[in-house]
Structure formats: structure tokens, C-alpha cells
Amino acid sequence: MSGSAETGVGGRADGTATGTAGGAGDVSRGAAPDREALIDVSRGAAPDREAVIDLDAFRHNVRTLAAIARPAETMLAVKADAYGHGMVPLARAALEAGATSLAVLDIPAALVLREAGITAPIFAWMHDPDALFAEAAQADIDLGISAAWQLDAIAAAGASNAPRVHLKVDTGLSRNGATEADWPALVSRAVELDRAGAVRLHAAWSHLADASPGDDATALGRLQRAIEVGEGLGAHFPVRHLAASSAGIRMPEARLDLVRFGIAAYGISPFDDQSARDLGLRPVMTLRARVASTKRVPAGHGISYGLTYRTEAESTLALVPLGYADGIPRIASGRAEVWIGGRRHPIAGRIAMDQFVVDVGEHPVAAGDEVVVFGEGDRGEPTAEEWAGWAETIGDEIVARVGPRVPRVYLGEPGR
Ligand SMILES: Cc1ncc(COP(=O)(O)O)c(C=O)c1O
């Protein structure tokens with residue numbers, strides 16, 4: 001390990017930076033090592049732990065999803081630091097692969113993308129009363145708008161460049177978005193401010209609860225009715241959008257003018273009954289580490305806090321320097337497996353803050369050996385989807401929670 005994991009910058013044996021931690025403003029810098037160098041830890045080329053982000057897999061997924069969505073356009077959600085993968089490199093790769101716009105949660109994240117030189121449309125929809133509307137207008141950020149006070153705040157910011165606004169109606173998810181009762185007033189104010197040149201009314205949109213096909217159909221009907229109500233009030237919505245990954249793949253009538261794909265592009269299925277592989281999508285993140293140390297212990301040996309696991313026979317234990325501070329869910333203790341030396345082994349006992357123990361039995365494992373926590377799955381290693389099952393959560397949470405002291409290392413950057 002280069003000794004720089006705490007600062008989030010990985011290193012190679014030659015000391016050059018290989019990638020960055022997941023900070024929103026970070027961009028990949030330095031030469032990305034080739035895959036062989038990363039995987040062959042015996043050459044000492046890899047740090048103790050890292051998340052390897054395969055941009056070729058990501059581009060493949062974006063191309064696949066964009067083809068499904070067409071003629072609807074593809075907006076790629078790179079919010080939450082691109083679901084833990086690193087916002088700027090993933091944003092660039094998404095645009096290279098056919099996405100025509102990007103989605104982030106809020107204006108500060110959108111400004112980071114602009115500062116990185118990204119000129120494509122960027123959509124941000126979570127704003128509090130102190131939101132940076134003037135800066136957003138200046139940077140040509142598309143704004144999702146849920147309440148009339150947001151429109152008033154944009155007008156009050158008085159930017160010379162009127163921002164495009166996407167009016168959101170709550171179609172059942174009950175997060176942001178105007179209620180049916182508040183929608184007419186929101187639209188009327190938007191129409192007024194559009195005519196006054198303070199905003200440019202661009203879209204009507206909503207977000208689905210993904211509860212059932214029936215609920216999603218009801219939501220689509222609500223959006224369509226809201227659009228009709230809006231048009232009756234003099235609004236024109238050039239763009240309508242509703243679907244994210246799930247409906248974008250399975251609900252053609254919800255694709256409308258654009259689909260806001262997220263999790264599927266990261267190679268994780270939005271469905272319980274179909275894996276990413278079934279959908280022709282490739283997992284993008286491989287979380288890997290190196291065995292820190294090993295020891296032989298006798299039968300009946302207790303392991304980790306609470307001594308919840310005891311060895312059945314004399315065995316080798318491998319210590320892995322990743323814990324719940326790095327995003328490894330503690331609830332997966334006693335259930336999850338990792339890949340070492342060409343086979344799966346169980347995590348033994350409780351996952352701790354910085355480490356967990358693997359019972360490798362009689363298999364020859366040594367300090368420095370590669371541990372794949374999750375990856376593409378093609379070698380037999382667990383996937384993030386499997387971890388989601390072990391942790392009683394969704395794959396989104398498994399990748400998004402990988403912490404900042406795990407360096408992100410990028411494969412497949414253009415020109416490399
Ligand atoms: C408004 C909005 N659009 C799109 C997405 C992408 O959703 P998914 O990751 O399910 O594709 C999200 C994610 O939660 C979202 O909040």
C-alpha cells in the first residue's frame with residue numbers, strides 16, 4: 001500500500017497516482033495501471049484496498065440502455081458521486097457512450113461538473129431556500145422545481161441567463177414535487193416568469209415509486225393529467241420525463257422524451273427477478289483488497305467481537321483490511337463470502353470497523369493475496385447484487401456506501 005489510503009489517493013509501485021477517492025470534486029489523475037497490474041497483486045502493484053472502476057463496462061451499459069430507451073434520450077444519474085464510483089470520470093464516460101445529459105442531486109454537484117469542463121445539460125432538483133440559484137443560472141444548470149417559492153427565488157436572483165426549469169409533480173412517491181392541489185399555482189407562476197424572461201419553462205417530470213406495475217401506471221396517468229392541466233394554463237412543456245432504470249427498461253410507455261437511468265448503468269439490476277447479467281449489463285465496480293496477515297488456529301477458536309463464529313477444525317484465518325467504515329455492511333457478518341485464491345470463502349464472525357476475518361480452512365492463502373469482495377462475477381466472485389442479498393438491502397447501497405478511504409482506480413480511460 002502506498003500509505004495514502006487515508007487521503008484517498010491510490011498509488012502504484014512506481015509512486016504515481018492511480019485514481020482518486022470518491023469526493024465529488026475529484027477527477028481521475030495520473031496514469032491508470034492496466035488491469036493485469038491491478039489484479040496481479042503479487043507484483044506489489046496494488047494498494048491494500050481499492051475500488052476498481054471499469055469505464056468500458058460502464059460505457060457498455062450506457063450504450064445498452066440508451067439503445068433500449070431510444071427514441072427517448074438518456075439522462076445519466078451521476079448523483080451521490082456517481083453511486084460511489086466517482087462523479088467526474090463517470091459523467092465523462094456517460095456522455096462518450098451516448099447519454100445526452102446528466103442528473104445530480106443539487107446545484108453544488110452540478111457546478112463541480114461544470115468546473116470539470118462538462119458542457120452537456122446538467123439537471124439538479126434538490127434545493128433549499130439558500131440554494132445557489134444565481135450560480136446555477138450562470139452555469140446553465142437545468143433546475144427541477146417543486147414549489148413556487150423556488151421560482152420566486154430564481155427570479156429574485158436576477159441572473160441575466162434565465163435557467164431552464166423542469167416542473168415536478170408528485171405522482172405518488174411523496175418526496176418532492178407539487179401535489180395535485182399545488183400544481184396549478186406552480187404552473188401559473190412558471191408561465192408568468194417564463195413570459196417575463198426570468199426562467200425558461202422546459203419540462204414536466206416526476207419520479208416513480210417502483211412499487212408495482214399498477215402503481216407506476218397510475219403515476220404515469222397522473223403525470224399526463226398534470227401536463228394537460230398545465231397546458232390548459234398556458235404552459236408548453238417541450239420535454240416530459242418520468243422513468244428511471246426500472247421503468248426505462250420494462251415500461252416503454254413511461255420513457256416519454258427521456259429516461260433518467262441510474263443504477264442499471266452501474267451494472268446492478270433494478271429488479272429482484274433478473275440480474276444485471278440477465279439484462280446484458282456489466283458490474284462496473286470491483287471492490288478488492290489484499291490479505292493483511294494470516295494465522296493458523298485450532299478447532300473451536302472464536303473469531304471477532306462477540307466470538308460469534310468458532311472454527312470447526314484447525315484452520316487458516318485471513319485478515320482483510322476493510323470494514324464497515326469502508327462500507328462493508330456489518331449486517332452481512334456470518335453470511336457474506338469473498339473471493340481469495342480462486343474460490344469463495346466465508347467471512348467469519350463480525351465485520352468490524354476496519355477489518356474482517358475470513359476462514360480459508362486448509363487452502364493456501366498468504367499475506368498479500370488478492371481478496372475480491374465483489375466484482376463482475378465472471379470468475380465466480382460475489383457481485384454487489386449478492387452482497388445486497390446478504391445485507392438485506394439493494395445493490396445501490398452496497399456501491400454507494402464504499403467509503404472515502406478506498407481509492408477509486410479507473411480502467412479504460414480514453415487515451416490510456
Ligand atoms: C429523480 C431521480 N431520477 C433518477 C434516478 C435514478 O434512479 P435509478 O438508479 O433507479 O435508475 C434517481 C435515483 O434515485 C432519482 O432520484
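Leaving aside neighbours within four places in sequence, which residues is leucine 102 in contact with? Here contact means C-beta atoms, placed from the backbone, within 7 Å. The residues are Met75, Leu76, Val78, Ala91, Ala94, Leu113, Ala120 and Ile122.

Before going on, two notes. This is a predicted model, where local features need pLDDT of at least 70, side-chain atom pairs count only at pLDDT 80 or more, and totals for chains, interfaces and linings use all residues. Residues are numbered from 1 along each chain as its sequence is written.

Now the core. Leu102 is among the residues with the most contacts inside the largest nonpolar core, along with Leu76, Val78 and Ala94. That core has 124 residues. By nonpolar core I mean buried Ala, Val, Leu, Ile, Met, Phe, Trp, Tyr and Cys residues joined through C-beta atoms within 7 Å. Buried means 20 or more other C-beta atoms within 10 Å of a residue's own, all placed from the backbone. Helix 2, residues 55-69, gives the largest share, seven residues; helices are DSSP runs of H or I, at least four residues, and strands are runs of E, at least two, numbered from the N terminus. Domain 1 (5-54 + 283-411) and domain 2 (55-266) both contribute residues, so the core lies between them. Those bounds come from an automatic or database domain assignment.

Next, helix 2 itself. Its buried residues include Leu55, Phe58, Arg59, Asn61 and Leu65. Among the elements covering its buried residues are strand 3 (73-77), helix 4 (87-96) and strand 20 (408-411).

Definitions and conventions: A residue is buried if 20 or more other C-beta atoms lie within 10 Å of its own, exposed if 12 or fewer, and partly exposed in between; C-beta atoms are placed from the backbone. Two residues are in contact if their C-beta atoms, placed from the backbone, lie within 7 Å.
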